[in-house]
Each structure stands twice: as structure tokens, then as C-alpha cells.
Amino acid sequence: MTLNLRGAYAIWKNEVMRMFRTAFGSILSPVITTSLYLVVFGAAIGSRMELPGGVEYGSFIVPGLLMLTLLTESTSNASFGIYMPKFTGAIYELLSAPVGVVETLVGFVGAAAAKSLILAAVILGTAALIIDYEIAHPVLAFFYILLVAATFSLLGFIIGLWANSFEKLQIVPLLILMPLTFLGGTFYSIDILPEPWRSVSLINPVVYLVNGLRWTFLGQSDFPIAVSLGATVAFLLICVGIIAWIFKTGWRLRE
Amino acid sequence: MAMSDVILDIRGLDKTYAGGVKALTNVDLQIRKGEIFALLGPNGAGKTTLIGSVCGMVRPTGGSIEVFGKDLSKSWKAIRQRVGLVPQELSFDMFDKVIRQVRYSRGMFGFPPDEARVEEVLKSLSLWDKRDVSIRELSGGMKRRVMIAKALAHEPELLFLDEPTAGVDVELRRDMWRQIDALRERGVTIILTTHYIEEAEEMADRVGVINKGQILLVDDKDSIMARLGRTEAHFTLEKPLAEVPATLTKYPLHLEGEGTCLVYRGGDGTGKGKREIADLAQQLVREGLTYTGLETRDSTLEDIFVDLVEDNQAKETVQ
């Protein structure tokens with residue numbers, strides 16, 4: 001037996017079904033949040049903003065808001081998905097099953113990423129009702145969303161394994177991801193920042209993610225697309241590396 | 001024991017936890033295909049660690065484990081697909097429905113969906129009527145059955161039951177024993193841990209006694225019983241005998257204390273021992289073999305167990 005594909009599918013399906021049990025809340029809350037941001041920042045304040053390149057502020061923040069939701073939802077869904085079996089003790093079954101690193105990742109991370117994709121579609125649909133925007137490179141945008149969803153679901157998976165309390169489970173999204181996203185050019189172009197803050201922003205990885213997604217939407221951003229894409233893929237590889245190490249050593253999994 | 005009969009072969013297994021606690025010390029254990037093996041020991045003896053080492057929750061620090069003739073550290077995927085585990089704690093997604101959890105377990109172990117099999121498992125555990133009920137609404141006993149159903153969904157050939165009847169009422173315990181018997185009928189090899197002597201005695205073909213991470217004794221339950229008997233009677237004789245009289249050889253008798261004590265060890269737990277002792281007492285009177293004292297008692301696995309644990313502790317004290 002090399003790859004337990006049925007096992008991976010069973011985990012994926014179980015996770016997706018689990019998310020659907022709470023579908024109403026988990027789909028509705030990001031929709032409401034995004035709508036509020038769009039109405040307040042996009043429609044109300046945005047009309048007084050001027051951006052380089054003559055881009056409408058509303059269409060400028062759509063990819064930023066999408067990224068905000070993608071990051072927080074992918075991370076929290078994946079972290080919750082693996083934390084719960086640890087919390088209830090049901091992890092025993094995963095550990096005793098013919099399920100390795102690939103099957104576990106396809107199952108848990110795949111399910112979290114799938115939910116993020118659904119959310120992304122819902123948010124883009126909601127945004128279209130509030131403001132006019134276009135997607136310059138729809139195919140690239142789709143793959144970029146997929147890449148970000150997968151990467152941050154992996155990060156969430158790591159957090160879920162690391163966390164041994166509900167507090168820790170929430171601390172990374174709240175204390176690290178949220179500020180990084182807000183400071184990462186979600187609502188503004190980092191070019192409008194004065195020095196040294198513009199340079200400081202360059203060490204924030206979210207800046208590259210937001211700008212990458214923004215490029216696929218607007219055809220222009222603060223960095224060339226290759227730089228953004230490179231940074232995102234590098235982050236993905238770091239997460240994969242950490243997870244491979246976790247499974248090899250059994251850290252926080254096996255005693 | 002022929003090697004082909006060995007389904008699980010543990011050699012020199014050691015486990016020291018990160019905190020420095022030594023949970024298992026040089027454990028050797030061979031389990032035969034088709035048997036029910038009871039691992040008997042007090043809380044904290046290392047029973048769950050031993051099970052965890054085979055089932056993947058624990059990483060052993062030393063030794064080797066072979067299952068179905070294959071090295072667990074190399075062929076773990078192929079092996080785990082054929083091994084089932086029912087842990088001590090009730091642990092599953094409480095908000096899920098019974099039948100979905102059983103299907104999930106089957107899928108996770110790499111088996112294609114098989115509704116007939118799922119139905120069979122649920123029916124055998126009297127869960128079929130509850131199949132669409134959310135698990136959290138079930139009673140404790142029913143929840144435990146769901147745990148068993150999950151473990152049976154992939155038709156394991158080797159099944160571990162960690163304290164299957166801990167904290168369940170007498171009725172459910174009897175029920176559990178019937179379930180285990182039914183599994184044995186189907187050829188499943190079962191390893192159960194327990195600290196109830198009664199359970200090991202009732203269920204097991206062989207018993208292993210474990211204490212402080214060491215296996216103290218492994219033997220057929222029946223041969224332990226045969227060796228120590230079910231019922232013991234000590235007749236203190238007025239006059240010492242040189243040997244057991246020929247007329248009494250139909251009884252399991254021997255002499256102790258330089259012929260002054262005639263000892264009966266026999267019976268099978270059905271009351272046969274007590275009847276035989278009564279017959280024997282009358283026959284001794286008829287044959288004029290006067291005795292001045294008679295003590296009888298039932299010996300159980302408990303005696304063996306307590307003796308072994310005490311021996312072990314005594315040894316440690318000497319060291």
C-alpha cells in the first residue's frame with residue numbers, strides 16, 4: 001500500500017461535511033464583514049481617495065479584502081480542523097490508520113482550502129453587488145487564490161498542531177495575521193507610506209500576497225507579479241517543510 | 001509456538017517518555033493468531049503504552065515490533081490497515097451521526113464504501129436503530145458501542161481493546177463479553193487490557209501480567225488454572241502418609257508437609273471442586289484416614305496476580 005487515496009478522500013469529505021454543519025455562520029460572517037468594509041471604505045471614504053494610476057478605490061480594495069478573508073478563514077478553518085480531534089481525543093484514529101503525511105494534508109488542508117475557495121466566490125459575488133470591478137487576469141486570479149488558500153491552510157494546520165489550548169489556537173490569527181494583513185496594503189498602496197515605513201513594510205510577507213492578488217485583478221501593483229508569486233511560493237514551501245518535519249518526528253502528534 | 005501462528009511479535013520493547021518516565025522495559029510478547037489475549041495489570045502499568053506502540057500513538061524508544069510477519073516500522077501502512085483499536089476514552093466527533101462516523105472510519109482505513117458491511121456492524125452492536133442519531137444523544141454504553149463499531153468497520157484481523165469494560169455497568173460488561181466472543185468466532189485475534197481479573201478469567205485464552213512496564217508472566221489461562229486449581233483443600237492428617245493412597249488417585253491430590261497434609265487442587269469453576277472435596281472428605285472417613293483440620297478456598301487469577309506483583313516488588317526492594 002503506497003498512497004491511501006480512499007483514506008485521504010474520507011478525511012476530506014468528513015472535514016467538508018463538518019464545515020457544512022456550520023455553513024450558515026461560517027459563510028455568512030465573512031460576507032457581512034466584507035460588505036461592511038466595502039460600504040465603509042469603498043463607497044463612503046473611497047470616493048475621496050486618489051490612487052496612483054487613476055484606479056478606483058473600490059476596485060482597489062476588493063483584492064485586499066479578499067486576501068484578508070482568505071488568510072484568516074484558511075488559517076482558522078485548517079487550524080480548527082486538526083485541533084478538534086486533538087482536543088476530543090479522536091486523533092487516535094488518524095494515528096492508528098494507514099494515513100501518512102500526504103493523506104492527512106490532502107484531507108485536512110484540502111478541505112480548508114476548498115472552503116476558502118467557496119468563500120472567495122461568495123465574497124466576489126457580494127462585492128459585485130456593491131461596487132463595480134473587473135478582474136484583469138481571471139485565470140491567474142483563480143490560481144493565485146488557490147495558491148494562497150493552500151498556503152494558509154497549511155499554516156493553519158501547523159498552528160492547529162502546535163496549539164494545546166483554545167487560546168493558542170486564536171492567538172496567531174489575532175495577534176499576527178490580522179495586523180500583518182492590515183499593515184500589508186489591504187486598504188492602501190504602500191507607495192503612499194512615508195519612509196521608513198515603506199521599507200519596513202517590505203519585510204511583511206502579506207504585502208507580497210496582497211499585491212500579487214491585486215496584480216491579477218488590476219493588472220498593476222506595487223511589485224512585479226514575479227516577486228509576489230515568488231514570495232508566496234516560498235512561504236508555501238516553508239510550510240510544507242515544517243509539516244514534513246512534524247510528521248517525521250511526531251512532534252505534538254505521537255508521544 | 002510455530003512462527004506462522006504468531007500474529008504479533010514484540011521484542012525488547014522500551015519506552016521512555018520525554019519527561020523521563022520509563023513506561024516499558026524490555027517487553028517481549030508473542031500473540032497467536034485467533035486467540036484472545038488479556039493484558040492484566042494495575043493502572044499505570046504500561047498497558048496503554050504497549051498498545052499505543054503497536055497502534056501508532058506512541059513512538060517506542062527501543063526494540064522491534066512485527067505484525068503479520070512484517071516489520072511495523074517499515075510496513076506500517078499495510079499493517080495498520082488490518083489492525084483495529086478501541087481506546088479507553090470515548091473520543092469522536094460528538095455532533096456527527098452514528099452511521100457517518102462508521103463510514104468515515106472505514107474510508108480512513110482505505111476500504112471502499114460497503115453499506116452492507118456497515119449495516120452488519122451496526123446491527124451486531126444493536127446500533128442500527130440509532131444510526132441516524134447524533135452521537136452526543138446516546139447513552140454512555142451506546143457511545144462505547146459506537147467506538148467498537150468504528151474499529152470494526154474496516155474488518156480488522158487484529159483488534160486491540162483498551163479497558164473495554166472500564167466504568168460500564170454489569171449488564172453492559174456481560175454484553176461486551178458476548179461481543180468479544182462473537183468476534184473470536186469470526187477469527188479475529190483480540191488483545192484486551194484490563195485490571196479486572198474477572199474479565200481476563202472470563203474472556204482470555206492466555207493472560208499476560210504487566211506491572212511497572214514489565215511483563216511478569218505470560219501463560220495459558222487454563223494452564224495457570226490447572227497449575228493452581230480452582231479450589232484448594234488442605235486436609236491436615238492425623239498420621240502422615242508416604243504417598244497418596246491408590247483408591248484416591250482419581251482426585252487431583254498431592255502431599256505436602258512431609259505427608260502430614262493432603263492437598264486437593266482441582267475443579268473448573270462450576271462447583272465441581274467443592275463437590276469433589278465433599279466426596280473426598282466422606283471417602284477419607286470411610287477409609288479410616290482421620291484428619292484433624294480442613295481448610296478450603298478458591299484460588300483465582302487474583303492470587304496469581306497479587307503474588308506476582310508482590311514478588312516483583314520484593315525483588316526490587318532487595319535490589
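1. A residue is called buried under 20% relative accessible area, exposed over 50%, and partly exposed in between (1.4 Å probe, protein chains only). At 22%, Ala78(B) is therefore partly exposed. Ala78(B) lies in helix H2 (residues 76-80) of chain B; helices here are DSSP runs of H or I with at least four residues, numbered from the N terminus. Its C-alpha atom is separated by 26 Å from that of Asp93(B), 15 residues apart along the chain.

2. This is a predicted model, in which local features need pLDDT of at least 70 and side-chain atom pairs count only at pLDDT 80 or more. Residues are numbered from 1 along each chain as its sequence is written, and chains are lettered from A.

3. Chain B has a mean pLDDT (the predictor's confidence in each residue, from 0 to 100) of 86, and 89% of its residues reach 70 or more. The scores of the model are ipTM 0.85 and pTM 0.80.

4. In chain A, the axes of helix H2 (residues 23-45) and helix H3 (residues 57-88) come within 10 Å and cross at roughly 150°. Axes are lines fitted to C-alpha atoms over the stretch in contact, with angles from 0 to 180 degrees between N-to-C directions. H2(A) and H3(A) are therefore roughly antiparallel, a term for angles over 145 degrees.

5. Which residues of H2(A) and H3(A) make the contact (heavy atoms within 4.5 Å)? Among them are Tyr37(A), Leu38(A) and Phe41(A) of H2(A), and Ile61(A), Leu65(A) and Glu73(A) of H3(A).

Key: Side-chain values use heavy atoms; hydrogens and water are left out. Helices (H or I, at least four residues) and strands (E, at least two) are DSSP runs, numbered from the N terminus. Angles under 35 degrees count as roughly parallel, over 145 as roughly antiparallel, 65 to 115 as roughly perpendicular and the rest as oblique. Contact means heavy atoms within 4.5 Å.
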